[in-house]
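Here's a walk through one model, hairpins to begin with, then a sheet, some helices and a ligand shell. Have the viewer open and follow along.

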Amino acid sequence: MVDVKIENVYKYYGSIDGVAAVHDLNMDIKNGEFVAILGPSGCGKSSTMRMISGLEHISAGTISFGGNIVNNLAPKDRDIAMVFENYALYPHKTVFDNVANPLKLAKVSSPEITERVKRATQLLEIDHLLDRRPQELSGGQKQRVAIGRAIVRQPQVFLFDEPIAHLDAKLRARMRSELKRLQVDLGVTSLYVTHDQLEALSMADRVAVMHEGILQQYDTPQAIYEKPANAWVATFVGEPQMSLIECVIRQKGSGVVLDFEGHEIAVGAKVGKVLAASKEREVLAGFRPNHVAINTRKTAGSIPGIIYARQLLGGEILAEAQVNNTMIRARVNTDFSLQLGDKCSVSLSKEDLNVFSADTGVAIY
Ligand SMILES: Nc1ncnc2c1ncn2[C@@H]1O[C@H](COP(=O)(O)OP(=O)(O)O)[C@@H](O)[C@H]1O
Ligand SMILES: [Mg+2]
C-alpha cells in the first residue's frame with residue numbers, strides 16, 4: 001500500500017492550445033485512504049484515472065506512488081487493480097477462473113490461487129457461484145466477480161471508475177456499503193470515480209469535486225456538504241438541491257441584512273460579521289431544503305411566494321415555492337396541504353446558509 005501524489009497534472013487530447021481535459025490537477029491520496037473523484041460527465045474523471053493507471057499518457061505534471069514517479073511505468077508495472085463500469089469478464093471461463101486469472105498470469109502456485117480466490121469470493125459472497133459462467137449471473141454478481149478479480153491480487157492501489165453506475169438503485173445502495181466495507185477491511189489506497197454525489201459522500205474519506213477539468217474542492221464529505229468552496233459545488237452536491245437566491249448586502253443599523261428583491265433577510269451575528277467585512281455587495285445566498293420553511297404563516301421575516309411544485313420523497317415532501325423568478329425548495333411534512341398555485345410564506349434560516357460572490361461564485365461564508 002502506498003500514498004499517491006498527483007502534481008500539476010494536465011491532460012490534452014488534441015493540441016496544447018486547446019482546452020485541457022484535466023487542468024493543473026493537484027491531489028494527494030494518503031496510504032489506505034478512500035478518495036472519490038466526483039463530477040458530471042465529461043469533467044475529466046476517467047482521464048485522471050487512466051493517467052493514474054498508465055492507460056493514458058500524462059501531458060504534463062507527475063504522478064507518484066509512495067514517492068516514486070510512475071509517469072513512464074506501464075500499467076502492469078504499477079501494481080494497481082482496476083474496476084471499470086464496462087468490465088469484461090471472460091464469457092467462457094467460470095467465476096473461479098475469472099477471479100483466478102490475474103494470479104495465473106502472475107504464475108502464483110495452484111494451492112495459493114485456490115486459497116486466495118476462496119478468500120476474495122467469500123468476502124464478496126460469491127463463493128457459492130464459483131462454477132458458474134458469466135451468462136448465468138445477475139448484474140450485481142457479475143460486478144462482484146469483476147471486483148473479486150481486482151482484489152485477489154492485493155494491489156498497492158485500487159482504481160474504480162463508476163463500477164456500479166449501471167446497477168439498479170437497490171443493488172447500488174447495497175454495493176455502496178459492501179465496497180466501503182471491503183476497502184476498510186483490505187486497507188488498500190483507493191480512488192473511486194463517480195458522477196453520483198450520494199455515492200461519493202457516503203463512501204469516501206475525502207471527495208475531490210471536479211468541473212470542466214478543474215478541481216473545485218478536495219475535502220471531507222461533511223466539509224464539502226456544509227462548506228462548499230463555491231456556488232457550483234454547493235448546487236452539485238446535496239439532493240434535493242440547495243436554493244441560491246440573488247441578494248445584495250445592505251447596511252442596517254450596526255449590522256447587515258440581505259436584500260432579496262426588496263425583502264429583507266435577517267442573518268445571524270456570525271454570518272453578519274463575515275458579510276460586513278466582505279468587499280462583495282452582490283451575493284448568492286444558499287439555503288439547503290432543510291433550512292427553509294414553506295407554510296401559510298406570515299411572520300416578520302417571511303417572503304410571500306406561490307407553490308410551484310411538490311414532490312413526495314417518501315417520508316417527506318419537497319415543496320418548491322416561486323418568488324418572482326427564484327425557486328426556493330423546502331423539505332416539509334407529508335401533511336403539507338398547500339397545492340400548486342397556492343400562496344405561501346417562505347422563511348429562511350438566519351444561521352444555516354452559505355453565501356457566495358455573485359461575481360465569481362467563490363464562497364464568502
Ligand atoms: N480519447 C479521447 N480523445 C479525445 N477527447 C477525449 C478522449 N477521452 C476523453 N475526451 C474528452 O475529455 C473530456 C473529459 O473526458 P473524461 O475524462 O472521459 O470525463 P468523465 O470521465 O468525467 O466523464 C471530455 O470533454 C471528453 O470528451
Ligand atoms: Mg468517465
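Let's start with strand E16 (residues 303-312) and strand E17 (residues 317-323), which pair in the antiparallel sense over six bridges. Helices (H or I, at least four residues) and strands (E, at least two) are DSSP runs, numbered from the N terminus, and two strands pair if DSSP finds at least two bridges between them. Within this pairing, Ala309 stands opposite Glu320 in E17. The hairpin of E16 and E17 has four residues between the strands, and Gly314 takes a positive phi near 115° there.

Before going on, some ground rules. This is a predicted model, where local features need pLDDT of at least 70 and side-chain atom pairs count only at pLDDT 80 or more, while totals for chains, interfaces and linings use all residues. Residues are numbered from 1 along each chain as its sequence is written, with chains lettered from A and ligands numbered from 1 in the order in which they are written.

The hairpin of E17 and E18 has two residues between the strands, and Asn324 has a positive phi near 50°.

Most residues other than glycine have a negative phi, and most peptide bonds are trans. Lys107, in the loop between H2 and H3, is a non-glycine residue with a positive phi, near 55°. For the peptide bonds, look at the one from Glu239 to Pro240: it is cis, with omega near 0°. Pro240 is found in the loop between helix H8 (231-236) and E11.

Now for some helix packing. The axes of helix H2 (residues 95-105) and helix H4 (residues 139-151) come within 7 Å and cross at roughly 30°, so H2 and H4 are roughly parallel to each other (the label for angles under 35 degrees; over 145 is roughly antiparallel, 65 to 115 roughly perpendicular and the rest oblique). Val95, Asn98, Val99, Asn101 and Pro102 in H2 meet Val145, Gly148 and Arg149 in H4, where contact needs C-beta atoms, placed from the backbone, within 7 Å.

H2 also packs on helix H3 (residues 110-123): their axes come within 10 Å and cross at roughly 125°. That makes H2 oblique to H3. The contact is made by Phe96, Val99, Ala100, Leu103 and Lys104 of H2 and Ile113, Arg116, Val117, Ala120 and Thr121 of H3.

Finally, which residues are around ligand 1? They are Tyr13, Ala21, Gly39, Ser41, Gly42, Cys43, Gly44, Lys45, Ser46 and Ser47, counted by a C-beta atom, placed from the backbone, within 6 Å of the molecule.

How values were computed: Axes are lines fitted to C-alpha atoms, for helices over the stretch in contact, and angles run from 0 to 180 degrees between N-to-C directions. Two residues are in contact if their C-beta atoms, placed from the backbone, lie within 7 Å.
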